[in-house]
Amino acid sequence: MKRSSVRETALDLLLSITKNHAYSQLALNDTLSESSLSARDRALVTTIVYGVLQRRLTLDYVLSAFAGSERRLDEWVRLLLQLSFYQKLYLDRIPDHAIVNEAVSIANHRGHRGIAGFVNGVLRQFLRKGAPDLSAILPEGRRLSIQYSTPEWLLDMWKEQWDIETSLKIAEAGNLAPHTFIRANRLKISRQALAQRLAKEGVRTSPGELSHECLRVEEGQPAATEAYKEGLLTIQDESSMLVADALAPAPGMAVLDACAAPGGKTAHLAERMENSGKIVALDLHEQRTKLIDAAAARLGISIIETRAMDARNALGIYGKASFDRVLLDAPCSGLGVIRRKPEIKWEKTFADTERLASIQQSILEAAAPLVRPGGWLVYSTCTINRAENDDLLNRFLSEHDDFYWEPVFFSRFPAVIQNCRLAPHTSMVQLLPFQFGTDGFFIGCLKKKKK
Ligand SMILES: C[S@@+](CC[C@H](N)C(=O)[O-])C[C@H]1O[C@@H](n2cnc3c(N)ncnc32)[C@H](O)[C@@H]1O
C-alpha cells in the first residue's frame, strides 16, 4: 500500500470526525476494520488522527503563523496542513520531502493546482523556519493552553482541584496515544491461556499491572480475532476492571447495575459471580440495552436482565433494599478519557460538568434505597472532576447517616492503588491518566448500615 493512502485515510477520517461530530474511536474502528492497509499503516493512521485531534490548539497556532488567520481555508486544506505539521513536530522518521510531496499530491487531486501550490508554499516555509516559539506566548494561561492543547477552563479547574503540576500532567497524558486493554472472560479461559491463544492469532500482549484479569495489547487487533468472536475476552480499560474488585459480588447475589450500557462492567460482574445469581442492568436508551444483551450472548452469560428505563424510577419497580450490591457507573463529563475521545476537550464546557453533577446526584439519591442493609453501593465515573466524584459522595454521606465508608475497600486492590486514595479514612480512589497508562477513573464505595 502506498504511503499516500495512509494520509488520505487519515484526512478522510479527520474530516468525517470534525464535520459529523463522529466519535474518533468509533470512526477509526469502522474505517480501519474495513481497510486493506497493513497493520503498520493502520497504526500510523491511528496515531495521526488522534494526534491531530489532540494537538488541535497547538496546530491551530502553528497554522496561523504560516497561513495567516485572516485567510479562510477549506476544512480539508486546514486538516491537510495540520496533519503535515503534526508529522514533522511529533513523529520521528518521516522525511521532510515525504511530508511535502504527499500533502501536495493530495491537494492536487482533491483541489486544483492553485491549492497544491499554496500547500507547497506553506509547508516549505514551515520546514525552513521551524515552528513558532510557543514559550513567548502571553499571558501564561493562554501559553499553557496552547502548549498543552487543552482549554484554559480545564487547566484552571484541575489546577484548583489539585495543583499546576498535576493539571499539566493530566493535560499531557491526554495528548498521548491510548493503550488497548482486554479482560479475560474467566468463565471460559485464564489470562495466561488467553495470552497464548491471542499470540497464535497475531495479537501480542503483556499482563496488566492492576487487575489479574487484564492483558495490555502491545500489537495487533484483538476485536478482529476468533478468540473475540468466541467470547474469550472483552475490550475494556484496565481502570474500569477495578470496579468489579470494588463491588466484589459473589455467586448467587442480586446486583443492580443502574447505568449499564454498553455492558462492559455488567459482564465483568457476571463473570465474577460465575454466572450465578441475578443482575438487573438498566439504561435509559433501548438501543443501548441491546448492546448489553449482545455482549452477554457473546460471552456466554445468562444472568443479566436488561431493562430500558430511567434508573431514578427503579425504586418503584424493584422496591427498597432489594439488592445486595448496587453499581452506579454514572453518565459523566468523560474528562478521564480525553486521549481516547479528544473531541471531549473541545465540546464539553464547565456548565456541562455542573449539569452532570446534578444528574449524578439525583441518580445516586434514587439508587441508594435499593441497597439492602449491610450491602454496598459503588459509584464510579471516567472523569477527573471533584464536583462529579468525591465532592458528590462526601455530600451524600453528610446527608445519609445510614451509609458509611466501606472499611476494607483497599484490601481488594493491589498496593499501588493506595497512592490513588483521595483522603484518609475514606473508600475512594481517583486514578489519573499519567499514573498507570489507564484512563482517568474514579471509584467510591459506600456501605449501608445493618440497622
Ligand atoms: C458511563 S456510561 C455506562 C458504561 C457502562 N457501565 C459500561 O461499563 O459499559 C453511562 C450510561 O448511563 C446511561 N444513563 C444516563 N442517564 C441515565 C439514567 N437516568 N438512568 C439509566 N441510565 C442512564 C447512559 O445511556 C450511558 O449508557
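Analyst: Ala261 sits in the loop that joins strand S5 (254-257) to helix H14 (264-272); helices (H or I, at least four residues) and strands (E, at least two) are DSSP runs, numbered from the N terminus. The model is a predicted one, in which local features need pLDDT of at least 70 and side-chain atom pairs count only at pLDDT 80 or more, while totals for chains, interfaces and linings use all residues. Residues are numbered from 1 along each chain as its sequence is written.

Ala261 counts as buried because 24 other C-beta atoms lie within 10 Å. Here a residue is buried with 20 or more other C-beta atoms within 10 Å of its own, exposed with 12 or fewer, and partly exposed in between, C-beta atoms being placed from the backbone. Leaving out residues up to four places away in sequence, Ala261 touches Asp283, His285, Arg288, Thr289, Leu291 and Ile292; contact requires C-beta atoms, placed from the backbone, within 7 Å.

The UniProt record (unreviewed entry) includes Ala261 under "binding site", together with Cys259, Ala260, Pro262, Gly263, Gly264, Lys265, Asp283, Asp310 and Asp329. UniProt positions follow the numbering used here, feature names are shortened, and annotations may be inferred rather than shown by experiment. Asp310 is partly exposed because 14 other C-beta atoms lie within 10 Å.

The ligand itself is surrounded by 19 residues, of which the closest are Cys259, Gly264, Lys265, Ala311 and Asp329. The elements that give two or more residues to this shell are H14 and strand S6 (278-283). By class, the shell has 9 nonpolar, 4 polar and 6 charged residues, where Ala, Val, Leu, Ile, Met, Phe, Trp, Tyr, Cys and Pro count as nonpolar, Asp, Glu, Lys and Arg as charged, and the others, Gly among them, as polar.

Helix H14 is mostly covered, with 9 of its 9 residues buried. Among these buried residues are Gly264 and Lys265, as well as Glu271 and Arg272. Just after H14, Glu274 takes a positive phi of about 55°.

The annotated "active site" in the UniProt record (unreviewed entry) is Cys382. This residue is found in the loop between strand S9 (371-381) and helix H19 (390-399). Cys382 is buried because 24 other C-beta atoms lie within 10 Å. Apart from neighbours within four places in sequence, Cys382 is in contact with Cys332, Gly334, Gly336, Val337, Asp439, Gly440 and Phe441.

The domain assignment divides the protein into domain 1 (3-132), domain 2 (180-235) and domain 3 (238-448), with bounds that come from an automatic or database domain assignment.

Terms used: Two residues are in contact if their C-beta atoms, placed from the backbone, lie within 7 Å. A residue is near a molecule or strand if its C-beta atom, placed from the backbone, lies within 6 Å of it.
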